[in-house]
Amino acid sequence: TKCFMGGLFILFIVVIIWFPLLFISLINSSSVANQPQEVSVDLSLAGYQPLFSFTAQQNNLRSVTESEYTHFKANKTMTANQRALVNRYSNRDVTRVFIPGSSATLWTITPPARDLLQENLDRNDSLNLEFFWSITRSPPTGLTSRTVAGKSSIVLDRSETRRALRRGIDDVLNGSASSVVIPSLFPALVTGPANDRSQELDAFRMTSGFYVNATLSRNQALPVNGSFLKEWWNVQQNKSYFFSQTQPLDGLEMIIFSEPIAPPEFSFLGGVTVLGLYISIVLVIGQFLKGHYRGISRRIMYEDMEDPQSVMNLCQNVFLVRALAADPDTDEVESRRYLQLEEVLVGELFVLYRSPEKLLQMTKMKEKKD
């Protein structure tokens, strides 16, 4: 019996340890892609009217083919951490976003705000050049956020390189230069998590081409027939560093690694981690054991008697005496004697159950004499 119970206990421990791992593995193996349906980007300077804005949809979003992703993973310069990261994704989880170089909106800054922007560029005040991106999906379950966003910032401070960049932007703004190169404008590889903030893919931070260098230029259309001056900005990336490009890249490219999500069948547990499952199982088992052993200190002396025959004999004597006292053939004197004897026996039973030590001595297994 002990071997059988010990084997069941070991099997139970193995099930507890392996079940969460097997369950999470099942969810991951049956996960579905959470591909972007829309990607919006904005480039703004010091909080003024955005210089560049565009929303990529449909033809501007393309999933990486299996051959492209296989070629990408076969890169011999990839480190162990990078290879482990890309192996977590399949080609269906990687989307190439092509953003045309011309802004989809006109730069409609007011003249006073434009003058103030130029004054800020001329002064040594710190300014932020910020590149925002927003990823919109159509998740099949409500456990995944529909939109996640991220940003990359360049602080135009008083350092020599930043002051040169400030002068270059100022020259483009006042028309004395046609374009300026902005180094490390945004990360080429970003994440598309289920619920968290979109961030750069840290494992590739030190890879050449991870931060995109872009050329910023300003275009304008002269007023015709009394119309206003129309201005818009262009942002141009030199080339695609991570995937081959059959045609010249006219604009920007961002590569999104979307986190796979649980299918609708597992949506009730799609956001649960391995640690969460372990905690849930431990709490459930703990509550079960707590309920099973609650009050055991008051029951154990009655449930673990070695030989309860003496107690049973005492109870049977109580019933026998009571039956004799209630017998119609018993006279009044004998009936009173039986009732007094019942009172004594019941008193002994009460004393016995109120004293665990006496109960243990009375129910202890007696050794048989030869």
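A: Let's start with a pairing: E38 has Q57 in β2 as its bridge partner. That's part of a run of six bridges joining β1 (residues 36-45) to β2, with the two strands antiparallel. Strands here are DSSP runs of E, at least two residues long, and helices are runs of H or I, at least four long, both numbered from the N terminus. Two strands pair if DSSP finds at least two bridges between them.

Before going on, keep in mind that this is a predicted model: local features need pLDDT of at least 70, side-chain atom pairs count only at pLDDT 80 or more, and totals for chains, interfaces and linings use all residues. Numbering runs from 1 along each chain as its sequence is written, and side-chain values use heavy atoms, with hydrogens and water left out.

Back to the sheet. It's open, has four strands in the order β2-β1-β5-β6, and pairs antiparallel. At its edges are β2 (52-57) and β6 (147-156), each pairing on one side only. From one strand to the next, the twist averages 10°. Helix α5 lies across β1, β5 (127-137) and β6, at about 105° to β6. Such angles run from 0 to 180 degrees between N-to-C directions, using axes fitted to C-alpha atoms, for helices over the stretch in contact.

There's another open sheet, with three strands in the order β7-β9-β10 and antiparallel pairing. Here β7 (179-187) and β10 (230-237) are the edge strands with a single partner each, so one side of each has no neighbour in the sheet. The twist averages 35° from strand to strand. Eight bridges link β9 (residues 211-221) to antiparallel β10, and A214 has Q237 in β10 as its bridge partner. Helix α5 (residues 160-174) turns up again, packing on this sheet and touching β7, β9 and β10, with its direction at about 125° to that of β7. Contact means heavy atoms within 4.5 Å.

Helix α8 (residues 309-325) packs on α9 (residues 332-354) at about 155°, with the axes 8 Å apart. That makes α8 roughly antiparallel to α9 (over 145 degrees is roughly antiparallel, under 35 roughly parallel, 65 to 115 roughly perpendicular, and the rest oblique). Among the residues that meet are V311, L314 and V318 from α8, and L341, L345 and L349 from α9. The residues of this contact divide into 15 nonpolar, two polar and three charged. For that tally, Ala, Val, Leu, Ile, Met, Phe, Trp, Tyr, Cys and Pro are nonpolar, Asp, Glu, Lys and Arg are charged, and the others, Gly among them, are polar.

Helix α9 then meets α10 (residues 356-363), where the axes come within 5 Å and cross at roughly 105°. That makes α9 roughly perpendicular to α10. V351, L352 and R354 of α9 make this contact with P356, K358, L359 and M362 of α10, and the residues divide into five nonpolar, no polar and two charged.
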